[in-house]
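Here are a few friendly notes to read alongside the model. Have it open as you go.

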Amino acid sequence: MKSYAYLLTTLCCIALFSCKEQSKTEANAKEEPMTEATTPMSFAEQLDASPRHHEWVTLEVGDKELYTFVVYPEKSEQVKTVMVIHENRGLNDWARYFADQLAAKGYIVLAPDLLSNAQPGIEKTTDFEDSDAAREAIYALSPEGVTKDLDAVFAFAKAMDAGNGAVAVAGFCWGGSQTFRYATNNPDLTSAHVFYGTGPKGAEAYTKIKSPVYGYYGGNDNRVNSTIDSSKIYMQEAKAIYEPVIYEGAGHAFMRRGAEADSDAANKAAHDRAWDRLLDLLEND
């Protein structure tokens, strides 16, 4: 009997010890920090992981070479092409990431680096010392030069074998303003999508706009939003379509900020709603 009691006691102790160790292991697993597998990828890393075809094309604009980032969708038919005009710090990782994400929705996307050979020894945005230097170079560009560059991209887009000949344009911040301005120079665009960019000054420029212009603005961006009413008036006088939407609570550059892993709720919500609107408009224009 003593042997049986001793054996029973030993088995109970082993079982109790095993339960404690299992509980301890489970607790430790819950307390362990997130591993690198769950760490959000950067825009550059997401570009590297994209299954879509990326390439750089070199366009001749006068005596200058213009580098343009091109992303193809995985489609079996010809599709619309969208020109994407970057922010005021050049064609950075986010701008190329946006191009890739838009291509994922079924469009060929061309994102020109408008800082291509803008200064001696500078072939692309990535050759600048930092983003501030790129921004200074952006504001030194002439409007006429930017138009010539965009015309070259447009002509290339129209002639692409994989494209269906329809070309829209979308731009952000400085690129949003350039999108609005380019609509005054190109009557053959299917639509222009202005993300937190200002419209041209003066009524005459608006009389040249033939495509619908759609605006996307953050509620906390009065520097830009204070210009919306005058653009509305000029577009109405020109009998042109201008449909601005303001996303309350969002700030300037909400498309980039809303795509970042640590985005606040307002910019994330504006980002998502603007994406849905852009895709709906591109599909139906």
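1. First, the ground rules. This is a predicted model, in which local features need pLDDT of at least 70 and side-chain atom pairs count only at pLDDT 80 or more, while totals for chains, interfaces and linings use all residues. Residues are numbered from 1 along each chain as its sequence is written, and side-chain values use heavy atoms, leaving out hydrogens and water.

2. On the overall picture, the protein has eleven helices and eight strands (DSSP runs, numbered from the N terminus: H or I of at least four residues for helices, E of at least two for strands). Of its 285 residues, 45% are buried (under 20% relative accessible area with a 1.4 Å probe, protein chains only; exposed is over 50% and partly exposed lies in between).

3. Do look at helix α3, residues 93-103. Nine of its eleven residues are buried, so the helix is largely enclosed by the rest of the structure. Among them are W94, R96, Y97, F98 and D100.

4. Strand β4 (residues 108-112) contains P112, which is buried at a relative accessible area of 0%. Beyond its neighbours within four places in sequence, P112 is in contact with L66, Y67, T68, V84, H86, L91, L150 and V153 (contact means heavy atoms within 4.5 Å).

5. Finally, E65 sits in strand β2, residues 64-72. With 33% relative accessibility, E65 counts as partly exposed.
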